[in-house]
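Trainee: I'd like to learn how to read helix packing and ring pairs in a model. Can we start with the helices?

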Amino acid sequence: RASALGSHEQALVFLEQALEVTTDPADRADLHARAAGAAQQGLDSDVVLRHAEAVVLERRRAGDRPAIAAAEAAFAQAVNNSLSDPARAVEMLLRTWDEFSDLEETPAGVAIMASLGRAYRGLDSSPDALAWIDRYLPISERLDLLDETARGIMGRGSALLTGGRPREGVVLLRGAHQMAMTHDLEVEMGARVLLAFYEQWGEPAAGLALGREGMEIARRKGSRSYGFLMVGNAVIVAFRVGEWDWAAATLDEWLAIEARRSNWTELYVDRAILRSLRGEDATADIEAAAALRGPITDPQYESYERLARAWMAFAAGDLAGARAEAERAAAVTSYFAPLGLPLAARAALWAGDVADARRLVGELRTTPFWGLALDADRAAMEAGVAALDGRGGEALAGYREALRAYRQLGLAFEEAAAAVDMANLLPSPERDAPDVVAAVAAARETLERLGARPFLARLESAVRGGAVPASGSAATPSAAAPLRTSAAAPEPA
């Protein structure tokens, strides 16, 4: 009853009281399994792991081989989820498979293979993940294991998305999420998390909506762990949309919670990025993230930390440092390429290093990911290279394409950031185009609203330096001519 009402902490208390008076191994295993499930709705990894391991011990006492195999799979998955330690989970699961591979055609065998697929995805090893997922999905379908089938479709979608087949992967992810919503399956949370994350370079506004809806679902369910998983991905897409005040308040609220979870590092990284974007000192948050990351074997958390260091360096004007950290973030974890490479390219452009910018834009063009926001990023960075090359007309056309896309996607910050690029990089006479003037004026308003001081300072520096005029300046035909500004300037074409 407590669990049904979303009072998982109370349910855990009752289950642990029941364990004190229960002696039969099979009954104790059931109680420990339910206790682990209740604990998974909270934020204390130690409690989850204690009960998950106890299920294994009690199942072995009872001697039921399929039940033992399923318990071992669940324990390894708890290690993967609670400790962000997929490397250890893989080791545990391979030993379990050696012992129970004869159960391949049973639900217990499916449980082991499904956990192996998830653990290999945690290691960013798409080929290994796909091998196990494709091995168990036909069996899962035949046994009518709906939850595991949906989980396999989701996992396959994620693995394909990071393995060079992004459109197919997104379709499978969305299908798995719809299937989970229709049948009220637990896998709904995982599918929502993945969709929100990948919308960073797809449609970030849709990712923000998914995250906010997920946070509301978490409140209704009384699941703090569900809420935690929603927060990180929701705030990171909120940066692109321009919902910075909401993101700051949400992060401060969650980071005030005392939680013993190593993957809490993600929230410190998110706040560090936001603080850097606002020109604030992010050192303490990055140090907190690094301290928590020690035991984690999931590579994405190193990429998160490096991305935060890249933004801190970028905001401080250390463009070489920003490039190095952003590129490393993309190299460590494949699916950070759409996040790290645009930042590295912008740092090269702002440094005036056209050769390195051209190299990075080439990598960004060939990275095996697809998304509407990523297409706009590519257009903006390619326009920057054209601008540095002196190909003003081509650069202006590229910037117009990027601005149009950002506006249609509702990405206020990205639109403003691209306008800062234009102000600094476009040659004359393209700088004098009325739509460029209008974009620069709008960017100033957006950056002031967001408190994006490093970008605003870069914009004002361009104004003072003559690349972009203050309001009311008159244009001259010289190569260094400032832009005209006009209150009646048209929107970008």
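Mentor: The axes are lines fitted to C-alpha atoms, for helices over the stretch in contact, with angles from 0 to 180 degrees between N-to-C directions. Helices themselves are DSSP runs (H or I, at least four residues; strands are E, at least two), numbered from the N terminus. Here, the axes of α10 and helix α11 (residues 204-221) cross at roughly 150° and come within 9 Å, and α10 and α11 are therefore roughly antiparallel to each other.

Trainee: Which residues of α10 and α11 make the contact?

Mentor: Contact means heavy atoms within 4.5 Å. From α10 come E188, R192, L195 and A196, and from α11 G207, L210, E213, G214 and I217. Before we go on, a word on the source: this is a predicted model, where local features need pLDDT of at least 70 and side-chain atom pairs count only at pLDDT 80 or more, while totals for chains, interfaces and linings use all residues. Residues are numbered from 1 along each chain as its sequence is written, and side-chain values use heavy atoms, with hydrogens and water left out.

Trainee: Now the rings. How many aromatic pairs does a search of the whole structure find?

Mentor: Rings of Phe, Tyr and Trp (its six-membered ring) pair if their centres lie within 6.5 Å; planes under 30 degrees apart are stacked, over 60 edge-to-face, and the rest tilted. The search finds 19 such pairs. Take Y198 and Y335: their ring centres are 6.4 Å apart and the planes stand at 90°, so the pair is edge-to-face. Y198 sits in helix α10 (residues 187-198) and Y335 in the loop between α17 (319-332) and α18 (337-350), 137 residues apart.

Trainee: Are Y198 and Y335 buried or exposed?

Mentor: Buried means under 20% relative accessible area, exposed over 50%, partly exposed in between (1.4 Å probe, protein chains only). Both Y198 and Y335 are buried. Another edge-to-face pair is Y304 with F336, since the centres are 5.1 Å apart and the planes at 90°. Y304 and F336 are buried too.

Trainee: Which residues do ring pairs link into a cluster?

Mentor: F197, Y198, W201, Y301, Y304, Y335, F336 and F369.

Trainee: And where does the charged end of R212 sit?

Mentor: A charge sits over a ring if NZ of Lys or CZ of Arg is within 6 Å of the ring centre and within 35 degrees of the ring normal. R212 has its charged end over the ring of W246, 4.4 Å from the centre.

How values were computed
Parallel < 35°, antiparallel > 145°, perpendicular 65-115°, else oblique.
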